[in-house]
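Please read them with the sequence and the coordinates open.

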Amino acid sequence: MSGPGPQDINVRDGDAVPAALSQSSPVYFGSEDLPFERYTSPAAHECEVAQMWSRTWQWACREEHVPRPGDYYVYDIDRYSVLVVRGDDREIRAFVNSCPHRGMQFCDSNTAGSGKQFLRCPFHGMSWHLDGSLREVPCRWDFPHVEDRNFGLWELPCDTWGGFVFINLDRDCEPLASYLGVLPEHFADAPLEQRFVRMHTQKILHGNWKMVMEGFLEAYHVLATHPNRLQLSGWANTQYDVFDRHVSRFYQNLSAGNPHHPRPLSERELFIEFGYDAESFDESRSARAQHADRVRAAMGAQIGVDLGGVSNSVLLDSIEYHLFPNACFFPGISIPLVYRFRPLGHDKTIHDILMLQPVPDSGERPPPADVVKLGIDDSYTTVPGFGRLDIVLDQDSDNFVRQWAGMNASLKPGQTLGDYQESRIRHLHQTLDSYLAG
Ligand code: FES
Ligand SMILES: [Fe+2]
């Protein structure tokens, strides 16, 4: 890392950051080129579907997407389809979305709904209870070879963390709790189950899912791709950590100025750049601290949450945890994002973005926002509620069109990565290899 980074800024802030933010865990994974073929080859994609997507924990929906018995949500990942259902006993279960009779889907891909008393196949009308046990076979006499107890729905491992419902297509998988590694400990101060879905977009992007996701795993691209507000925040002083097999993190200071800018702002200039009146600047305190006070008060009132005990860093910074294979969770308050990346064939990606806002102190949890679907050419600026992030997301999306074209056009066989700033990309591929190797 170059220049004063998050740890230095935390010391300067002098407030109590969660213990996890005081940790750093850089890992060097080697410097060899990474073949473009890993992204561009349809055969590589097929291997991932067979060996990796079928064996990893993925979040399917939020618990509040299935709040009542009979609520369901369909999660699709490439050719696989999973039906998440809340049972009469309030348990959430996951079943393969395919009828044991002749394979009909119970519910259409990418749908959700409520009020199911049982699961009835639309083809011949066989039905199952919400716990997956067989309920009825029309013309039962024609199936003397079927035993009720062996003809339940194909149930999958299903568990929850942080208000997310996770599924795994592998019945022999490790438990979610061990798969998550440090995540539960690192989010102890930012319980995502205490948040609600304020916004949810789902956009189709050009390019392989790994290429797209990797554009969100490093801040090295900020200088060239997001030059708009470069005097406010650094990029080359972002911290990158790899904690365990499935979890890595970046930690980028926002609102602390930019030590690498050719003309770094003074604290007073930074304060004015935030949009405040120069008269109210307090020379004895950093611009970031004064900005944090104002954000704490204004945002706290707006969202109905007392943010008095939230550190400057959790309030303002961009802190992103990646959970292999395809999810990112941000514990921050100003940047409360969740990402999910899913392949659409080998050359397109479905990118889910959730804004997870803390539930108001009143305890009233608003219902989750409906999904806004964006086509491949649609701009994030058409969706209200992103603030300044919409432009940033458009800049990232535009990159993927060119990067995908360039990856396919390359005669150089592989990409050459930075040892530190792009270490999370290598971590991703190392973990992926471990699944592909069986
Ligand atoms: S395919 Fe489902 S009842 Fe026939
Ligand atoms: Fe970006």
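Predicted model: local features only at pLDDT ≥ 70, side-chain atom pairs only at ≥ 80, totals over all residues.

1. β15 and β16 are paired in the antiparallel sense, with six bridges between them.

2. How many of the six residues of β15 are buried? The strand is mostly covered, with six of its six residues buried. V247, R249 and Y251 point one way from β15, while S248, F250 and Q252 point the other way, and all are buried. In a regular strand, side chains alternate between the two faces of the sheet.

3. Helix α12, residues 423–436, is the next element I would examine. Its 14 residues reach 20 Å from the first C-alpha to the last, close to the 20 Å expected at 1.5 Å a residue. The buried residues of α12 are S423, R424, I425, R426, H427, L428, T431 and L432, and what covers them includes the strands β14, β15 and β16 as well as the helices α3 (42–53) and α6 (209–214). After α12 comes G438, which has a positive phi, near 85°.

4. Helix α9, residues 287–303, has 17 residues and reaches 24 Å from its first C-alpha to its last, close to the 24 Å expected at 1.5 Å a residue. Within α9, the residues A287, R288, H291, A292 and R296 are buried. They cover an arc of only 160° around the axis, which puts them on the same side of α9. On the other side of this helix, A297, A298 and A301 are exposed. The cover over the buried residues of α9 includes α8 (267–273) and α10 (312–316), and just after α9, G304 takes a positive phi of about 70°.

5. A further sheet deserves a separate look. Five strands form an open sheet in the order β6-β3-β4-β5-β10, with antiparallel pairing. Which strands stand at its edges? They are β6 (112–113) and β10 (155–156), each with a single partner strand, so one side of each is left without a neighbour in the sheet. Strands β3 (residues 72–77) and β4 (residues 80–86) pair in the antiparallel sense over six bridges, and D76 stands opposite S81 in β4.

Notes. Residues numbered from 1 in each chain as written. Chains lettered and ligands numbered in written order. Pairing = 2+ DSSP bridges. Helix = DSSP H or I, 4+ residues; strand = E, 2+ residues; numbered from the N terminus. Expected span 1.5 Å × (residues − 1). Buried ≥ 20, exposed ≤ 12 C-beta atoms within 10 Å, placed from the backbone. Arc of directions from axis to C-beta. Contact = placed C-beta atoms within 7 Å.
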